[in-house]
Amino acid sequence: MEFKDLISHCKEYGFVYPSSEIYDGLSAVYDYGPYGVELKNNIKSYWWKSMVQMHENIVGLDAAIFMHPKTWKASGHVDAFNDPLIDNKDSKKRYRADQLIEGYIEKIEQKIEKDVEKARSRFGESFDRDHFVHTNERIIERQKEIDAIQNRLAQSLKNGDMEGLKAIIDECGIACQESGSRNWTEVRQFNLMFNTQLGNIAGEEGKLYLRPETAQGIFVNFLNVQKSTRQKIPFGIAQIGKAFRNEIVARQFIFRMREFEQMEMQFFVRPGTEMEWYHYWKEHRLKWHHALGTDTRKLRFHDHINLAHYANAAVDIEFEFPFGFRELEGIHSRTDFDLSEHQKLSGKKMQYFDPELNESYTPYVVETSIGCDRMFLATVSNALREETVPDADGNESQRVVMTLPPALAPVKVAILPLLKNKEELTKAAGEIFNNLKSSMMCQYDEKDAIGRRYRRQDAIGTPYCITIDFETLENHTVTIRNRDTLLQERVKISDIKSNLADKVSIDRLFD
Ligand code: ATP
């Protein structure tokens, strides 16, 4: 299924709408519809349960979006949370200079892949990819070009060298996708923080920022939480909340938004033990993704070569979105940078007294940070497909289905009386609905033929459909249809809850 079809499916079925659509929308801002909010809440519950409930040394926090402006000075965001911006003078289209260059590199990579595929079909079974890419001259040349550009890109970004970025764009002859021209402005730094004004205080004094990450709320509360919960290091603080970034280019639906949600956990450790914990969280977080049944080939680690000034190790968990492998989650070893900077600027001690070592120190931090909306997009793109299945008469028919893990599905079970104008059936269905609704999200639907109702449930990923038919009236049984196998099982009404509760529970993901 193409990406544009996924976007229209999300809108048509009440998952995601463009924000303020009657005014033609607001760029890179989206609203979650009735099924979207359920799916998003389930993703958040799965994360919260796995991080907070299942770790006795991790506790939660819900910090405010507004923070004292000095927070962002200390964290480095005021001075350095910039992206390099460039405009094409002919199309007036705006780009991130680093992304233009990465796009150019991707094109070379695609050329390499083409050569590899050609060779694979020529050599057949005996084809050795590794050997081929290391010996084929054309590929070696292309790889050299990639390495050289990547090096220059990393150096320029690290040194804030905007002219260096411009030089790469010029030398590679990168053109605007829209106008095809190479008529570019200079590259300049663009700060990604939104700001607003506090009450009646004018000027710089009253300048407030919308937080660009949730992490700083955790850092400034580190000692409050440690003291009130009497946690001993190592321990973590987890938070789910909104973050805001004035992204220069945001064209990939909910992948890159200007208002989004993050699920972040900061793990405070003894200095010197951070690499151990970094590896622990790397593996633990990958397992969290795998437990959803995601094809392992769609997830990969991508180590950062070009480390941020505060990090001594960093890796992304990348997911293969419809537009290629992109960052879904980041795991960063942030050293004691944030706590130390807050200590300097606030003049307040941000240290922990370690009773076992009998000394105080500024803890090191390992962070896991995942975008809730990106996880939503990954989940939907993983689940949504069009397929051919046998219909009730044994003929082939097309269906659009979301094979969501039942624990994440917005609606767990649909309750469908076979006919809507037979009161005995609708009454029995109503009773089943009332009996189940406190345990799981149910939906009652009596409109249209049963086949069409199944299709509607398939399209929103409902794992189970209960049908109440004439046999129900005779022997108090119903059929439960499985979304994926299409098999129908007869179950006693009194057994429905016990039959389904476990199958749709988040606990199943921890098996
Ligand atoms: P990118 O390189 O894609 O801009 P980033 O490295 O700036 O991402 P982080 O600062 O590490 O991202 O943020 C942690 C997580 O927050 C990311 O892995 C991503 O899932 C999510 N995230 C960041 N920016 C956005 C955004 N604009 N829209 C949606 N999610 C985002």
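Predicted model: local features only at pLDDT ≥ 70, side-chain atom pairs only at ≥ 80, totals over all residues.
A salt bridge is counted where a side-chain nitrogen of Lys or Arg lies within 4 Å of a carboxyl oxygen of Asp or Glu.

Lys-166 sits in helix α8, and Glu-186 in the loop between α8 (162–172) and β6 (188–191), so the contact ties together parts that are 20 residues apart in sequence. Glu-186 is exposed, because its relative accessibility of 52% is over the 50% cut-off. Lys-166 is buried, at 11%.

A salt bridge also joins Arg-334 and Glu-213, at an N to O distance of 3.4 Å. This pair links distant parts of the chain, 121 residues apart. Arg-334 belongs to strand β13 (residues 324–335), while Glu-213 lies in the loop between β8 (207–209) and α9 (215–220). Arg-334 is buried, with a relative accessible area of 2%. Glu-213 is buried too, at 8%.

Arg-300 and Glu-318 form a further salt bridge, their closest N and O atoms being 2.8 Å apart. Here the link runs between two strands: Arg-300 is in β11 (residues 299–303) and Glu-318 in β12 (residues 313–321), 18 residues apart. Arg-300 is partly exposed, with a relative accessible area of 38%. Glu-318 is buried, at 8%.

Some bridges share partners. Through them, Glu-387, Arg-399, Arg-455, Asp-458 and Arg-481 are joined into one network.

Terms used
Residues numbered from 1 in each chain as written. Heavy atoms only, no water. Helix = DSSP H or I, 4+ residues; strand = E, 2+ residues; numbered from the N terminus. Buried < 20%, exposed > 50% of the residue type's maximum accessible area, 1.4 Å probe, protein only.
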